[in-house]
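Dear colleague,

Please find below the structure that I promised to hand over. I would be grateful if you could read the notes after it with the structure open beside you.

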Amino acid sequence: MTLAPRRLNPVPLHESLRNNESQMTEASPGVRERPLSPHLQVWRWHVTMAGSILHRGSLIALYVGILILVGWLLSLAAGPDAYASYMGLLGSPLGKLVLLGLTFALFFNLSSMVRHMIWDVGKGFRPKFADTMTIASLVFAAVATAAVWLIAASTGAL
Amino acid sequence: MAGTSANFRTPLSRARGLGAAKHGAGHFIAERVSGIALIPLALWAAFSGPMLAKGDFASVSTWLAQPLNAVLAGLLVVVGFFHLRLQIQVVVEDYVEGFVAKTGLLLLNLFVCVLGAALGLFAILKVALLSGAL
């Protein structure tokens, strides 16, 4: 018994091959062509893209940040000497720079999360609104970071 | 919006009702829920930090020994590691190719987060319970 070859694609083979030459994706026969995922090199730089990259960057920064927090808790548990030397490390110029960056990362992550939750419920996809919301999340992060460090300065912690 | 994107799905994929990965809704929801929980915790931490920066060992220990501060710090550490573990897992899954490298980093991520949360909790309990007794 022989099985006839099953034709999923109603288009003649030579014709579908010719069509494929001009296509960017290789769709399997009988399946509609899918869009290619957008890629860095072919995309114009825009603010929602910058926000997305910065969001992910802030996440990786906060991974380091929570480890610094655990280190601080452990130094407190270890006693006065360990605490003093750990605080000396955090209070150094480099330590302050890292903490400043982490403050911004924390607030940007927070505002980005709210931004994404608005998108998650299916709202705010108009390009202009999405751009405005992304800029707002950046502005919020900058203002909140400045507020925290001004409070720190006013208590004489700097 | 939803109409145009639905056009690219095959009828079979729509019938199955699952995405390309066949799972992940639970991961997505856990990220969002822990993220919401972290909003007040992170704000509390960000505004407690400057107040504690100048304090010496004794005053900071006394602060952390207060029940509310100890509990919030514990929640921050646990929920923070829970959230970051889920988020960093997605970053690894997105960018790391190769089974060994990917699995290795996913395991490392899990172990770092569990160890970090355990160390943080232990440190908080030690400070809270011992400083209170002094």
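This is a predicted model: local features need pLDDT of at least 70, side-chain atom pairs count only at pLDDT 80 or more; totals for chains, interfaces and linings use all residues.

The contact between the chains takes 31 residues from chain A and 31 residues from chain B. On the side of chain B that touches chain A, helices H3, H4 (57-65), H5 (67-95) and H6 (99-133) of chain B each supply at least two residues. H3(B) gives the most to this side, with 9 residues. By class, the side of chain B that touches chain A has 21 nonpolar, 7 polar and 3 charged residues.

One helix pair deserves a description of its own. The axes of helix H5 (residues 127-154) of chain A and helix H3 (residues 25-53) of chain B come within 8 Å and cross at roughly 20°. Because angles under 35 degrees count as roughly parallel, H5(A) is roughly parallel to H3(B). Their crossing is right-handed. H5(A) contributes A:Val148, A:Ile151 and A:Ala152 to the contact, while H3(B) contributes B:Ala46, B:Phe47, B:Pro50 and B:Ala53. By class, this contact has 7 nonpolar residues, with no polar and no charged ones.

Finally, I turn to A:Leu74, which is found in helix H2 (residues 47-78) of chain A. A:Leu74 has 19 C-beta neighbours inside 10 Å and therefore counts as partly exposed. Leaving aside residues up to four places away in sequence, A:Leu74 touches B:Leu119 and B:Ala123. The C-alpha atoms of A:Leu74 and A:Met49 are separated by 38 Å, and these residues are 25 residues apart along the chain.

With kind regards

Note on methods:
Residues are numbered from 1 along each chain as its sequence is written. Chains are lettered from A and ligands numbered from 1 in the order in which they are written. Axes are lines fitted to C-alpha atoms, for helices over the stretch in contact, and angles run from 0 to 180 degrees between N-to-C directions. Helices (H or I, at least four residues) and strands (E, at least two) are DSSP runs, numbered from the N terminus. Angles under 35 degrees count as roughly parallel, over 145 as roughly antiparallel, 65 to 115 as roughly perpendicular and the rest as oblique. A crossing is left-handed if the near helix is turned anticlockwise from the far one by less than a right angle, and right-handed if clockwise. Two residues are in contact if their C-beta atoms, placed from the backbone, lie within 7 Å. Ala, Val, Leu, Ile, Met, Phe, Trp, Tyr, Cys and Pro count as nonpolar, Asp, Glu, Lys and Arg as charged, and the others, Gly among them, as polar. A residue is buried if 20 or more other C-beta atoms lie within 10 Å of its own, exposed if 12 or fewer, and partly exposed in between; C-beta atoms are placed from the backbone.
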